[in-house]
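Biologist: I am new to this structure and would like a close look at one part of it. Please take me through that part slowly.

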Amino acid sequence: MDLEAAVRKHSEMLYRICIVILGSEQDTQDAIQETFCKYLEKKPKFVDSEHEKAWLIKVATNHCRDIQRFRFRHPKVPIEELAGTLVSRQEDREAVRELLQMPPKQRAVMVLHYVEGYQIKEIAGILGITEHAVKKRLQRGREQFRTTWKEEYCR
Amino acid sequence: MSEMNGGQLRHAMKQVHMKENMQEEIIMNVRTQMADGTYRRNSFKRNMVSAAACLLVIGTVSIPAYAGYLGLRSAITSDKVMARMQEVPEAEVQDIYNMVQYEQRSFHADQFNREYTKEEESRKEALRKEYENGRFPEGTLTLVENAGQAVDSDQLVYARDTGCFYLPERALTDEELLQILDFNSKRDFALEQNPDVQQQRQEAWEEANDSDTLR
């Protein structure tokens with residue numbers, strides 16, 4: 001397995017997912033590192049690069065879940081501050097802030113669907129949850145965004 | 001969510017990037033964790049990977065070619081480089097092997113007195129391809145016994161006692177980058193001549209053949 005190539009190819013994508021789930025730069029880096037440790041340990045055989053990507057997301061989100069459940073190792077950064085660190089444009093900051101205010105499970109589904117372009121069935125497979133649960137989380141996320149956009153930008 | 005809002009979220013998140021150097025830190029930390037047993041479970045496969053990574057980590061901070069060594073094949077994938085390595089005198093191979101053994105006991109990875117610049121990184125990558133195609137340095141990397149001898153800030157040297165590359169303050173020349181690549185190939189080669197390493201590789205092959213395909 002070529003660790004360096006895999007990190008170069010996938011770590012930005014994993015970073016986007018983990019940072020919105022964990023809200024901490026250091027915990028995000030830990031989650032990504034553990035993901036790639038597992039990648040080296042398991043040496044999984046992939047059908048194609050999409051398969052590899054989905055495997056990495058699955059492992060990374062599992063690590064995020066473990067970190068959330070058992071060991072937040074680093075202090076979480078306030079949402080406003082984190083949004084400001086991640087993006088500079090005001091409108092982007094609002095979108096990121098809105099995302100970060102959602103429950104973590106909802107954030108993961110939103111990012112996988114709207115940012116990484118996965119369909120409901122695929123997300124269910126990656127996260128190990130039912131399609132119904134994915135739909136519900138997307139629905140709640142959409143409602144939250146719709147409310148915000150209506151208030152902030154549609155006046 | 002309307003199309004505009006989905007697009008807005010996508011646009012915003014695509015602006016999110018890792019901080020500079022995080023990729024390098026991740027690569028280095030993963031290799032270190034695999035090598036020093038920080039990431040450890042009680043499986044034979046993990047032990048095998050850790051053993052291989054322990055060899056791997058020497059020089060891996062900057063030399064991506066080491067990634068190939070983690071598993072099951074030689075880190076030296078170029079026939080031209082391999083032919084060159086086979087011309088290295090046996091005494092030199094033994095000396096390098098002893099040095100690597102010392103490095104393994106003492107360090108997790110090479111040290112550098114400064115980071116490569118982006119320009120050097122990119123040139124090194126290009127030169128690595130040329131190196132594998134037969135463009136070799138005219139000279140060899142200067143090795144010094146201890147860091148105290150690395151006093152000339154204009155000279156590239158490697159200090160054996162600290163496992164540290166002292167890069168000159170100015171930009172590295174192509175010749176110097178080739179010397180670093182060559183030095184790392186020699187370390188790979190020296191390691192691979194060791195019977196223990198050959199045994200590990202054999203076991204890794206057998207382990208890989210038994211591993212499950214991801215479902």
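How many helices and how many strands are there in chain A? From there, please go on to helix H4 of chain A and tell me which of its residues are buried and which are exposed.

Modeller: Bear in mind that this is a predicted model. Chain A has eight helices and zero strands, so that its elements, read from the N terminus, run α-α-α-α-α-α-α-α. The chain has 155 residues, and 43% of them count as buried. Of the contacts in chain A between residues at least 6 apart in sequence, 62% join residues at least 24 apart.

Now to the helix you asked about. H4 of chain A spans residues 79–86, and the buried residues in it are A:Leu82, A:Ala83 and A:Leu86. These residues lie on the same side of H4(A), because the arc they cover around the axis is only 100°. A:Glu80 and A:Glu81 are on the other side of H4(A), and both are exposed. To count as buried, a residue needs 20 or more other C-beta atoms within 10 Å of its own, whereas an exposed one has 12 or fewer.

What lies over the buried side? The cover of the buried residues of H4(A) includes two helices of chain A: H1, residues 3–22, and H5, residues 90–100. In short, H4(A) has A:Leu82, A:Ala83 and A:Leu86 buried, with A:Glu80 and A:Glu81 exposed on the other side.

How values were computed. Residues are numbered from 1 along each chain as its sequence is written. Chains are lettered from A and ligands numbered from 1 in the order in which they are written. This is a predicted model: local features need pLDDT of at least 70, side-chain atom pairs count only at pLDDT 80 or more; totals for chains, interfaces and linings use all residues. Helices (H or I, at least four residues) and strands (E, at least two) are DSSP runs, numbered from the N terminus. Two residues are in contact if their C-beta atoms, placed from the backbone, lie within 7 Å. The arc is that of the directions from the helix axis to the C-beta atoms.
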